[in-house]
Amino acid sequence: MSKQTIAVLKGGRSLERNISLKSGARVEKALREKGYATEGIDVDESLVKQLKDLKPDAAFIAMHGRSGEDGTIQELLDILDIPYTGSDVLPSIRCMDKVLSKHIFVADGIPTPPFYAFNRDAFQELGAVDTMPIIGKELGYPIVVKPAAQGSALGIRFAHTESELPAALISAFSFDNKVLLEKYVKGTELAVSILGKEPRALPIVEVRPKTDFFDFESRYTMGKADYLVPAEIPEAAAAEVTELSLRVFKTLGCSGFGRVDIMMDESGGLQVLEINTIPGFTETSLLPMAAQAVGIGFNDLVEEILLCALEG
Ligand SMILES: Nc1ncnc2c1ncn2[C@@H]1O[C@H](COP(=O)(O)OP(=O)(O)O)[C@@H](O)[C@H]1O
Ligand SMILES: [Mg+2]
């Protein structure tokens, strides 16, 4: 049998381009070592043409953020009839937009920190700024201000007082036309990676950033955060976290793999922050770390994700 050809899509123009290039390079190496023929594609306007020429057996999407993770590339691959790794178009759209995901969580009874969300028009044309005292009272400070669709903690700021809100909002709006103001959860940060055709949860990773929160720097610099696998939480809590994560993954319609970010507050209550449909494959990324903890090496992890696409 001739080798199957896998297009590894990476790079692109998102702000997480560099992370994606690292993820992509590691994925390509893993697939080559597993015996596949790989073709790395740094995604640009020639993408469709390149895919039409290459006619790969599948595409491995090693992209994060805009275009790669938000359903755009998935739509193109559907049109070209090329199987691809991870979630379909609709779950990708749902998960990339934190506001949309949180509305779905609320509708489905999945616990998530209380929030408000606005688009730019609300501020520029409708005087939304005058709601800030009400929001401050409802959510309490600090308030976490986030762009709706972004990753790697880019554009996220904590406003500790009302006077810090405008700068936090401006920062978030520089990343997206929609922003989220979310109640701060003090507690333990947990990440649950989900894997497989029949989705299963890998051991929970507890993140202890050495910075104020799990920001860009602490994510991608060795030694800037401590990771505990499995998380140091009571067994019953761990079972609850795992069950909740699988429920989130299924509720949003995800497939193949993903990662659910959860905060456990000081009284043990769980709050889902978000779900990532294409979590990182870098050396400090949480999915490979969780897989390793149950003896799934990086190459096997990558191949299992690919097989979900090929056999899907
Ligand atoms: N409501 C919150 N309470 C406390 N910390 C938060 C909250 N929301 C986000 N954070 C911190 O910010 C980080 C990034 O937030 P998250 O919603 O997961 O967005 P991203 O897509 O950038 O990962 C989290 O890993 C956590 O450290
Ligand atoms: Mg996150």
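The following conversation concerns a predicted model and its ligand.

Biologist: Which residues are closest to ligand 1?
Modeller: The closest are Lys98, Lys146, Ala153, Val185 and Glu189, among 20 residues that surround ligand 1. A residue counts as near if one of its heavy atoms lies within 4 Å.

Biologist: What classes are in that shell?
Modeller: The shell has nine nonpolar, three polar and eight charged residues. Here Ala, Val, Leu, Ile, Met, Phe, Trp, Tyr, Cys and Pro count as nonpolar, Asp, Glu, Lys and Arg as charged, and the others, Gly among them, as polar.

Biologist: Which strands supply at least two shell residues each?
Modeller: Strands S5 (143-147), S7 (178-183) and S13 (270-276) each do. Strands (E, at least two residues) and helices (H or I, at least four) are DSSP runs, numbered from the N terminus.

Biologist: Why does ligand 1 lie between domain 2 and domain 3?
Modeller: Domain 2 (94-111 + 186-311) and domain 3 (115-183) both give residues to its shell, so ligand 1 lies between them. The domain bounds come from an automatic or database assignment.

Biologist: What about polar contacts? How far is arginine 219 from an oxygen atom of ligand 1?
Modeller: A polar side-chain atom of arginine 219 lies 3.2 Å from that oxygen atom. Valine 185 has a backbone N or O atom 2.9 Å from a nitrogen atom of ligand 1. With the ligand, a polar contact is a pair of N or O atoms within 3.5 Å.

Biologist: How much of ligand 1 does the protein bury?
Modeller: The protein buries 98% of the 540 Å² that ligand 1 exposes when taken alone. These areas come from the Shrake-Rupley method with a 1.4 Å probe.

Biologist: What conventions apply?
Modeller: Residues are numbered from 1 along each chain as its sequence is written, while chains are lettered from A and ligands numbered from 1 in the order in which they are written. In this predicted model, local features need pLDDT of at least 70, side-chain atom pairs count only at pLDDT 80 or more, and totals for chains, interfaces and linings use all residues; side-chain values use heavy atoms, leaving out hydrogens and water.

Notes: A polar contact is a pair of N or O atoms within 3.5 Å; within protein, one must be able to donate a hydrogen and the other to accept it, and residues adjacent in sequence count only if both atoms are side-chain atoms.
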